[in-house]
Each structure stands twice: as C-alpha cells, then as structure tokens.
Amino acid sequence: METEATGADGEYGSWLRTRFFPRPGVDPAQLRFGALGYASHALRSYAEFRAARDAGFVPRHWRFMVAMPTPLAPINRFIEADHRAALEPAYEAAILTELATIAAAVPHEDLAVQWDAPHEIGTWEGFFQPFFDGDPRVETVARLARLAAAVPDEAELGFHLCYGDAQHRHFVQPKDTGIAVALANAIAEVVARPINWLHLPVPRDRTDDEYFAPLTGLQLHPETELYLGLVHLTDGAEGTRERIRAASRYLDAFGVATECGFGRRPPEDVPALLRIHRAVAAPGPLPARDRTS
C-alpha cells in the first residue's frame with residue numbers, strides 16, 4: 001500500500017491524515033489486511049471486566065460491550081476514492097475476522113456487539129458520496145445486514161446511528177430524526193436476528209417538536225430498546241431533562257446516553273457524565289406526554 005497525506009481542504013474533520021492506495025501493479029483483489037487491533041484491545045478489556053465482575057464490582061448479569069465502526073467509515077476516510085470499491089471486501093473480511101476472534105474468546109452470553117454507523121447515515125443524508133453501484137440506501141443497509149448476521153446468536157446486537165463527533169461537531173446537523181428513523185426501520189426490516197438496542201443522537205439545542213416528531217414512525221423489532229443520545233455535559237442534568245421532556249411527547253419509553261459515547265472525552269469528564277446519567281435515569285415514571293392531535 002502507498003500513502004498520500006491530505007488535509008486542510010475544508011471538509012469535515014480536515015485535520016492532516018493519510019489516505020492509502022495500492023502500489024502500482026498490485027491487484028487489489030489479492031490484498032489482505034492484517035490484525036486491525038479491535039480484538040486485541042477487546043480481549044484485554046474483557047479480562048479487566050471479568051476481574052471486576054468476579055470481585056463484585058460489576059453485576060453478574062451485565063454484558064461486555066464491544067463497539068466497532070462499520071467498514072464503510074475507515075474505507076471512506078482512509079482510502080483514496082478511486083480504490084474504495086476494490087478494497088472494501090478485504091477490509092470487511094478483516095473486521096469480521098476481528099469479530100470472530102472476539103467471539104471465540106468471550107462467552108457469547110457475556111458479549112454485546114455494537115456497530116457504529118456514521119457513514120451509513122451520512123450517505124442517507126447525501127453528505128458522503130457512495131463509491132458503490134446501486135441504490136445507496138439499499139446498499140448501505142445490505143452491508144449492515146451482513147455485519148449483523150456475523151454476530152453470534154447468543155450475543156446481543158446494537159446499532160449506533162451517528163452524525164459524527166470530530167471536535168464535538170456533526171458532519172451535518174440533522175434537520176430532525178427523520179433520516180435516522182428511516183434508516184432504523186430499513187435495518188429492522190432486513191435484519192432477521194434480534195436487534196437488542198438502537199442509539200440515536202440528540203443535539204444539545206434541540207428541544208423542539210420538529211426534531212422529535214418523526215420518532216412516532218419507528219418500526220423496531222419488539223425486543224429492541226431505544227436509547228437517545230441526549231446527555232450533554234455542557235448543560236448537565238437540567239438541560240438533559242428538557243430534552244427528555246421533549247422526546248417524551250413522542251415516545252412512551254427510552255433509555256438515555258451521551259450523543260457519541262465517552263471515547264473522545266478527557267477522563268476527568270467521566271464522573272460528571274455518569275452523575276448526569278444517574279440523576280436523569282433514576283427509576284420512575286417518564287414526564288407526562290403532551291402530544292398534539
């Protein structure tokens with residue numbers, strides 16, 4: 001593989017990065033990716049999880065979650081455009097090998113797998129240009145269905161429909177939850193195995209009916225739990241409760257989460273984020289719904 005440095009081009013996340021492409025004369029069909037690192041990190045983390053559970057710090061019924069980006073994200077971000085279609089099969093095979101390695105070492109009743117899908121939703125939004133033939137919406141969902149089918153039946157499965165978090169910014173501000181709902185429904189339609197949870201983002205400044213109203217059109221599997229990423233550190237429990245009240249006008253029940261996980265947060269922010277979760281997610285009735293007819 002050869003590389004080319006790109007960046008400072010005005011595109012989303014335009015920090016300096018390297019994009020790759022095959023050396024001249026190399027047949028892309030013969031390329032194979034080595035270990036990607038997800039499995040090695042996951043297995044080290046699982047050993048810590050198991051030790052904490054054995055010591056009584058983690059409840060016995062909790063599962064160990066592994067979150068991985070779908071192949072579309074690294075292919076779009078790190079492969080030159082003219083070579084993406086040729087290299088995607090090899091990278092998909094590599095990420096599925098990572099999953100298989102994890103599943104061989106972690107008991108399936110302990111395992112939960114989340115596929116993070118920012119470039120799929122970005123493609124549906126028209127922000128990312130597809131490199132594959134066919135209907136972009138159909139093709140992105142077909143890729144997600146293949147990833148879902150690779151998760152062992154006894155493990156849990158979830159999807160994070162993400163609008164990006166580079167420097168805590170989205171690649172496009174969602175107009176409402178409509179695109180996320182449409183993609184979620186398409187996933188539910190084609191994925192045959194149980195989908196245990198779905199996560200959707202909620203921007204900090206959205207407490208309006210326009211944003212949440214499309215949620216009434218969700219058609220999820222009966223077992224699927226919905227989590228809304230409406231916990232924001234900057235306005236704490238008070239702002240989070242405002243977003244909960246807004247969402248509750250359109251949903252009977254949902255869980256809460258941060259918009260894009262804790263991964264890009266400095267460690268010192270984590271205790272405050274956990275306190276917000278605890279403050280707003282205590283057992284009890286949701287705020288009264290106030291739908292308009």
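**Questions on a predicted model**

Modeller: T177 lies in the loop between β5 (156-160) and α6 (178-190); helices (H or I, at least four residues) and strands (E, at least two) are DSSP runs, numbered from the N terminus. This is a predicted model, in which local features need pLDDT of at least 70, side-chain atom pairs count only at pLDDT 80 or more, and totals for chains, interfaces and linings use all residues. Residues are numbered from 1 along each chain as its sequence is written, and side-chain values use heavy atoms, with hydrogens and water left out.

Colleague: Is T177 buried or exposed?

Modeller: Buried means under 20% relative accessible area, exposed over 50%, and partly exposed in between (1.4 Å probe, protein chains only). T177 has 4% relative accessibility, so the residue counts as buried.

Colleague: Which residues is T177 in contact with, leaving aside its neighbours within four places in sequence?

Modeller: Contact means heavy atoms within 4.5 Å. With those sequence neighbours set aside, the contacts of T177 are Y211, F212, P214 and L215.

Colleague: How are the axes of α1 and α3 arranged to each other?

Modeller: Axes are lines fitted to C-alpha atoms, for helices over the stretch in contact, and angles run from 0 to 180 degrees between N-to-C directions. Those of α1 (residues 38-54) and α3 (residues 84-105) come within 9 Å and cross at roughly 20°. Angles under 35 degrees count as roughly parallel, over 145 as roughly antiparallel, 65 to 115 as roughly perpendicular and the rest as oblique. The two helices, α1 and α3, are therefore roughly parallel.

Colleague: Which residues of α3 do Y38, A39, A42, L43 and Y46 in α1 meet?

Modeller: These five residues belong to α1. Their partners in α3 are Y91, I95, E98, T101, I102 and A105.
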